[in-house]
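Subject: Structure handover

Hello,

Here is the structure for you to look at. My notes on it follow below.

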Amino acid sequence: MPSRASRSRTSRPESSSRHELPAGLLLSEVADGEALPVSVGDGADAIELVVARHGDDVFALTDLCSHQDYPLSDGDVEIVDGVPTIECTWHGSCFDLRTGVPTNLPANQPVTTHPVRVEGDDVLVDTSAATG
């Protein structure tokens, strides 16, 4: 499957306690069940993420499978055993969108997740609070 073009937008902190950055896309641009690649931040500090939507929930994860560094943004967003996941199209590993934890092999390490907040139609990612 061909890669989608990355989007980027100039960063701006939203508050002093968190470092929320625009994800470079609007909520209305992310269809339910879709995953899009985004570059969050500026220059050398930019972080490559995949933003995925399941229903009203929006998730941001590092855009690399922990198994073979393949872009997760090429994958499908699916519900597996009641868990919202994204599948790496290279070897089939799925990751829980909420936690980044792999739900099947061959991946056995989580991918980093970032808290997301939607303000109006803007998708904001907290890059200071990564987990995984």
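Two strands are said to pair if DSSP finds at least two bridges between them. By that rule strand E6 (residues 77–80) pairs with E7, in the antiparallel sense and over four bridges. Please note that this is a predicted model.

Glutamate 78 lies opposite threonine 85 in E7. The E6–E7 hairpin has two residues between the strands, and aspartate 81 there has a positive phi near 50 degrees. Strand E7 (residues 83–87) is mostly covered, with four of its five residues buried. E7 also runs antiparallel to E8, joined by three bridges. Glutamate 87 has cysteine 94 in E8 as its bridge partner. In the hairpin of E7 and E8 there are six residues between the strands, and glycine 92 takes a positive phi near 90 degrees.

Cysteines. The structure holds zero disulfides. The closest cysteine sulfur to that of cysteine 65 is in cysteine 88, at 3.9 Å, which is too far for a bond, because a disulfide requires the two sulfur atoms to be within 2.5 Å. For cysteine 94, also in no disulfide, the nearest cysteine sulfur is that of cysteine 88, 9.1 Å away. Cysteine 65 is buried at 2% relative accessibility, and cysteine 94 counts as buried at 8%.

Proline 110. This residue sits in the loop between strand E8 (94–96) and strand E9 (113–114). At 33% relative accessibility, proline 110 is partly exposed. Beyond its neighbours within four places in sequence, proline 110 contacts Ser66, Gly100, Val101, Pro102 and Gly132. Glycine 132 is 22 residues from proline 110 in sequence, yet their C-alpha atoms are 5.5 Å apart.

Regards

Notes
Residues are numbered from 1 along each chain as its sequence is written. This is a predicted model: local features need pLDDT of at least 70, side-chain atom pairs count only at pLDDT 80 or more; totals for chains, interfaces and linings use all residues. Side-chain values use heavy atoms; hydrogens and water are left out. Buried means under 20% relative accessible area, exposed over 50%, partly exposed in between (1.4 Å probe, protein chains only). Contact means heavy atoms within 4.5 Å.
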